[in-house]
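Subject: Structure for your review, with notes

Dear colleague,

I am passing on the structure we spoke about, and my notes on it follow below. Please read them with the coordinates open beside you.

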Amino acid sequence: YYVKEFEIDGASIERLVTYSYIRQKTSFVKPYAKNNTLLQFNQTIFDVTELYSRMLQKELNNIFGSPLLVKNDADALTQNYFTQCQNRIQDFATASENGRDESTVKQWANMIKEELQKFKDRFSEHDFEFLQMIDPNS
């Protein structure tokens, strides 16, 4: 997560914002091993990280208080969700034999996409009405 400053009607508001990414240097497949199942396997790993990023964002949206307390709570939540995410990825890798079991990869891909739909928006009107005016992806 990082702190992002939003400006609303001349007022500056800081919020914690999560993000997901893949490091290109560490996310490669040898050219002779590339296939659609392995591509879907790696996409699903990214989707799992996006899912846990969105889950964390929902929690961060509800943290208030002094900057030190907010940081401590945010750090604890981040570590918790990071661990859950890593465990979920490991479960997927094990179940799919690291992407070699096509049917398991497809099953997980569909399951994670369904879960992502539950966290479609990083911010909701309920969390912060003012965020309707802001693009959270900017």
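Contact here means heavy atoms within 4.5 Å. In that sense, and not counting residues up to four places away in sequence, Tyr52 touches Tyr81, Gln84, Cys85 and Arg88.

Before the rest, a word on the source: this is a predicted model, in which local features need pLDDT of at least 70 and side-chain atom pairs count only at pLDDT 80 or more, while totals for chains, interfaces and linings use all residues. Residues are numbered from 1 along each chain as its sequence is written, and side-chain values use heavy atoms, with hydrogens and water left out.

Overall layout

The protein chain has three helices and two strands, where helices (H or I, at least four residues) and strands (E, at least two) are DSSP runs numbered from the N terminus. Read from the N terminus on, the elements run β-β-α-α-α. Of the contacts in the protein chain with a separation of 6 or more, 67% are between residues 24 or more positions apart. Buried residues make up 37% of the 138 residues in the chain; buried means under 20% relative accessible area, exposed over 50%, and partly exposed in between, with a 1.4 Å probe and protein chains only.

The core

In soluble globular proteins, nonpolar side chains tend to be buried together. A nonpolar core is taken as a set of buried Ala, Val, Leu, Ile, Met, Phe, Trp, Tyr and Cys residues joined through side-chain atoms within 4.5 Å. The largest such core has 23 residues, of which Phe41, Tyr52 and Leu60 touch the most other members. The elements that give two or more residues to this core are helix H1 (36-60), helix H2 (67-95) and helix H3 (102-118), and H1 gives the most, with nine residues.

Thr78 is found in helix H2 and, at 24% relative accessibility, counts as partly exposed.

Pockets

For the pockets, a 1 Å grid is laid over the protein atoms alone: a cavity is a set of points where a 1.4 Å probe fits but cannot get out, a pocket is an open set with protein on both sides within 12 Å along at least five of seven lines, and lining residues have an atom within 4 Å of a point. Grid points are joined across faces, edges and corners, and a volume is the space filled by probe spheres set on the points.

The largest pocket holds about 1100 Å³ of space. Among its 29 lining residues, Tyr21, Ile22, Arg23, Ile45 and Thr49 are the closest to its centre. H1 supplies the largest share of this lining, 10 residues. By class, the lining has 16 nonpolar, 11 polar and two charged residues, with Ala, Val, Leu, Ile, Met, Phe, Trp, Tyr, Cys and Pro counted as nonpolar, Asp, Glu, Lys and Arg as charged, and the others, Gly among them, as polar.

The second largest pocket holds about 240 Å³, and the residues that line it include Tyr1, Glu14, Arg15, Phe64 and Lys71. Strand S2 (11-17) and H2 each supply at least two residues of this lining, which divides into seven nonpolar, two polar and three charged.

Aromatic pairs

Rings of Phe, Tyr and Trp (its six-membered ring) pair if their centres lie within 6.5 Å, and planes under 30 degrees apart count as stacked, over 60 as edge-to-face and the rest as tilted. The structure holds four such pairs. The rings of Tyr19 and Tyr21 have their centres 5.7 Å apart and their planes at 20°, so this pair is stacked. Tyr19 is partly exposed at 44% relative accessibility, and Tyr21 is partly exposed at 45%. The pair of Phe92 and Trp108 is tilted, because the centres are 5.1 Å apart and the planes stand at 35°. This pair links distant parts of the chain, with Phe92 in helix H2 and Trp108 in helix H3, 16 residues apart, and Phe92 and Trp108 are both buried. Tyr2, Tyr19 and Tyr21 form one aromatic cluster.

Backbone

Most residues other than glycine have a negative phi. Glu97, however, has a positive phi of about 55°, and Asn98 has a positive phi of about 55° as well. Glu97 is placed in the loop between H2 and H3, and Asn98 lies in that loop too.

With best wishes
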